[in-house]
Amino acid sequence: MRVGKTTWQFNQPVYLQATGTAVGPVEGEGPLGANFDKVFDSLYCDKENWELAERALMEEAVRISLEKVNMKPEDIDVMLAGDLLNQIVTSNYAARQLNIPFLGMFSACATVMEAVAVAAVLINSHYVSNALVAVSSHHSTAERQFRYPTEFGGQKPETASYTVTGSGAAILSNQPSAIRVRQATIGQVVDMGVTNPLDMGSAMAPAAAKTLINHFKDTKRDPSYYDLIVTGDLSRVGSSILRKLVDDEGYTLGNNYEDCGIMIYHQEQPVFAGGSGAGCPAVVTFGYLMKEMERGIIKRLLVVATGALLSPLMIQQKETIPCIAHAVSFELEEDS
């Protein structure tokens with residue numbers, strides 16, 4: 001059922017069954033490294049080029065998630081996946097190998113919660129029983145497509161972010177488990193006129209604030225309802241802007257707010273303002289945060305995945321950067 005204007009509430013059970021994560025070496029060296037299932041020691045992930053490496057990340061994350069619950073691809077009713085490359089090629093080629101009915105997803109770095117939301121709708125509506133969600137990004141494939149190849153050696157400002165090399169996968173179903181998907185708040189495209197592709201935190205913060213405020217209004221909750229609220233990749237720049245925007249609307253984000261792009265790296269790592277990319281909220285959520293829920297440390301979690309709908313061609317034509325954010329709430333079943 002719909003709650004308010006932008007939030008879907010899943011009255012039929014939708015549960016998280018298993019997750020799988022695979023990351024690159026920089027992410028493995030970060031503070032959350034021990035929470036990832038697979039850490040590759042090279043950006044090439046034992047492949048010949050970066051694009052094949054990103055595909056290997058997604059295939060590994062999917063394989064791990066299936067193995068955890070002793071499932072095979074044929075046990076999955078639908079796969080929902082997305083990435084940052086043109087025509088979401090990583091997801092398309094991964095789906096080609098799996099032979100599962102496939103829905104391609106794209107909301108830039110917000111793709112993971114878009115995919116979870118759509119999967120939950122399909123399960124809630126009894127169209128499917130089991131759904132597989134997968135999202136990926138890769139530092140070097142993103143640099144090649146959106147900015148400059150790493151060989152170029154271009155200098156970046158401190159407002160820039162570092163694309164996470166990683167993939168997160170999750171299996172959702174109608175079968176009971178400890179973690180339940182409760183609600184999803186669907187974002188709207190927000191464009192505040194930012195033109196600098198090296199400051200995506202500032203561009204995305206207003207979209208994240210709008211989705212977050214809509215969620216609170218629709219559900220009649222305030223931030224204190226959640227043990228933790230995380231944004232996807234606003235970084236150190238965007239997360240401070242988000243706090244002010246939300247505070248201006250009468251909602252104060254306290255110590256229960258963090259950003260995945262800040263959480264995934266040590267501050268001394270050479271990642272500028274923090275992590276970004278579709279893989280950023282995916283691996284932090286499916287790798288670290290779900291483990292915290294399983295341990296009972298987090299009982300109510302709101303993930304607000306953030307995305308800059310960035311096109312290099314449009315930026316070259318002096319266009320601004322539209323952004324979006326989608327939010328999904330997870331709760332321990334025992335806490336419901």
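**Charged side chains and salt bridges**

K217 lies in helix 6, which spans residues 200–219. In this predicted model, K217 is partly exposed, with a relative accessible area of 47%, and together with R2, K5 and K210 it gathers in a patch of positive charge on the surface.

- The side chains of E51 and R144 meet in a salt bridge with an N to O distance of 2.7 Å, and the pair links distant parts of the chain, since E51 is in helix 2 (residues 50–68) and R144 is in helix 5 (residues 139–146), 93 residues apart.
- E51 counts as partly exposed at 28% relative accessibility, and R144 likewise counts as partly exposed, at 40%.
- A salt bridge also joins the side chains of R180 and E333, at 3.7 Å from N to O; because R180 lies in strand 10 (residues 179–185) and E333 in the segment after strand 15 (323–332), the pair ties together parts that are 153 residues apart in sequence.
- R180 is buried, with a relative accessible area of 9%, whereas E333 counts as partly exposed at 25% relative accessibility.

**Salt bridges within a helix and in a network**

- D248 forms a salt bridge with K244, the closest N and O atoms being 3.1 Å apart, and both residues lie in helix 7 (residues 235–248), 4 residues apart, or about one turn of the helix.
- K244 counts as exposed, at 54% relative accessibility.
- E60, R63 and E67 are linked with one another in a network of salt bridges.

Conventions: Residues numbered from 1 in each chain as written. Predicted model: local features only at pLDDT ≥ 70, side-chain atom pairs only at ≥ 80, totals over all residues. Heavy atoms only, no water. Patch = residues over 30% accessible without salt bridge, like charges linked within 9 Å, V, L, I, M, F, W, Y side chains within 5 Å. Areas by Shrake-Rupley, 256 points an atom, 1.4 Å probe, with all protein chains shown as cover. Salt bridge = Lys/Arg side-chain N within 4 Å of Asp/Glu carboxyl O. Lys, Arg positive; Asp, Glu negative; His and termini not counted. Charge placed at Lys NZ, Arg CZ, Asp CG, Glu CD. Helix = DSSP H or I, 4+ residues; strand = E, 2+ residues; numbered from the N terminus. Buried < 20%, exposed > 50% of the residue type's maximum accessible area, 1.4 Å probe, protein only.
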